[in-house]
Amino acid sequence: MNRFFPILFCIVLVLSCHLGPAAVSLTRADEIGELVLECPLNGGRLGDPIAFVIRVHLGDGVGVDIGSLRRLALRPQGLQEELFDYEIENFDTLKLGESKKIVLPGKMFFYAPGEYSLKPLSLTCNLSVKGAEKSEVEPAVHTLVSNSVGVKIASMHPQGDLPKSLLIATDEPGFFPTGLVGWQTRSRLYVYAIVTFMLLGFVLFFVAHRCREKGAVRGLSGAAARLQEVASLLLETLKLAEVENHYNYLIEVDHLLRRFIVLQLKLSGIDAGGSGVLFVSRLSPFLESQSLISLTQIWAEIDLTIASERRADPEFIRLRADLVEWLREFCQVEGERYGF
């Protein structure tokens with residue numbers, strides 16, 4: 001019996017020596033790291049570039065698997081691959097494999113309206129664990145899983161569709177009778193058509209002539225005339241007293257505002273497509289910093305209202321007032337007020 005206790009003590013001591021170093025291995029999730037998927041503006045229209053950022057934070061003794069980093073892919077649930085695309089900025093996997101903080105920005109594109117949820121991303125990491133009697137490092141494997149992000153893509157069709165019912169005529173269709181009576185009827189129709197086209201051509205000619213005279217009186221032609229026309233349409237739109245649908249109204253304001261800024265700054269070669277915030281970013285070489293910041297904030301709210309298809313935005317009155325104030329200051333700098 002006295003010999004049993006020393007033997008048991010030796011066995012426990014040996015096991016503690018072999019199992020002790022394993023207790024210091026990285027097992028807690030917060031010590032390993034985290035994988036986060038961020039989407040600042042989780043909405044847009046068909047084909048708009050929507051920005052996203054993939055952030056990876058790793059703990060001490062944790063290294064990212066390069067092959068797993070290369071295989072990171074965004075996939076929305078419930079949407080065909082042909083209707084979705086994305087881009088991640090080029091990055092050096094060998095260099096990032098040694099980093100503890102990884103930031104991967106990119107853009108994604110949706111080509112079908114609806115609400116979608118991006119599947120969580122997964123990334124494999126290697127954990128370093130030192131043995132008790134070995135100086136080399138033995139890798140262990142752990143998988144980081146990101147959060148899921150929801151994205152809403154606005155539809156370009158009206159919300160209320162016409163009823164899809166079969167229309168059946170109650171009366172028989174009328175046909176021209178044959179013979180002399182039918183010929184006379186067709187002749188009268190030809191004469192009516194010719195007279196109508198002549199009157200329409202005369203009206204169009206008169207309207208075009210008056211427009212040319214008005215442009216000549218004002219001394220405007222070409223790009224200046226187009227700028228004055230767009231500015232007048234934008235001013236009339238912003239002065240509407242009653243707006244029933246804020247979503248459709250802001251789409252019209254969005255289009256007119258892009259054309260006005262491009263013509264005012266004479267940027268014929270600039271790309272005016274994409275979301276409003278993306279368009280403003282292309283104007284950074286041509287606007288003052290404060291004006292650029294204010295326009296970015298205004299257009300971010302316009303993009304959000306359009307992407308959410310809000311018929312009644314509680315901030316609509318303030319948003320329109322901020323836009324009119326920005327246009328007034330912008331036109332003062334450029335030297336022409338246009339009535340804003």
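1. In this predicted model, arginine 258 forms a salt bridge with aspartate 254, and the closest N and O atoms of the pair are 2.7 Å apart. Both residues belong to helix 7, where they sit four residues apart, about one turn of the helix, and both arginine 258 and aspartate 254 are buried.

2. A second pair to look at is arginine 45 with aspartate 48, which form a salt bridge whose closest N and O atoms are 3.5 Å apart. Arginine 45 and aspartate 48 are both buried.

3. In helix 10 (residues 316-334), arginine 318 and aspartate 322 are four residues apart and therefore separated by about one helical turn, and their side chains meet in a salt bridge at 2.8 Å, N to O. Arginine 318 counts as partly exposed because its relative accessibility is 34%, while aspartate 322, with a relative accessible area of 33%, is partly exposed. Salt bridges that share partners join Arg45, Asp48, Asp254 and Arg258 into one network, and a search of the whole structure finds ten salt bridges.

4. Helix 7 (residues 246-265) also packs with helix 6 (residues 223-238): the axes of the two come within 9 Å and cross at roughly 150°. Since angles over 145 degrees count as roughly antiparallel, helix 6 and helix 7 are therefore roughly antiparallel to each other, and their crossing is left-handed.

5. Which residues of helix 6 meet helix 7? On the helix 6 side they include Leu227, Val230 and Leu234, and among their counterparts in helix 7 are Val253, Leu256 and Phe260. By class, this contact of helix 6 with helix 7 has twelve nonpolar, two polar and two charged residues.

Conventions. Residues numbered from 1 in each chain as written. Predicted model: local features only at pLDDT ≥ 70, side-chain atom pairs only at ≥ 80, totals over all residues. Heavy atoms only, no water. Axes fitted to C-alpha atoms, helices over the stretch in contact; angles between N-to-C directions. Parallel < 35°, antiparallel > 145°, perpendicular 65-115°, else oblique. Left-handed = near helix turned anticlockwise from the far one by under 90°. Contact = heavy atoms within 4.5 Å. Nonpolar A, V, L, I, M, F, W, Y, C, P; charged D, E, K, R; others polar. Salt bridge = Lys/Arg side-chain N within 4 Å of Asp/Glu carboxyl O. Buried < 20%, exposed > 50% of the residue type's maximum accessible area, 1.4 Å probe, protein only.
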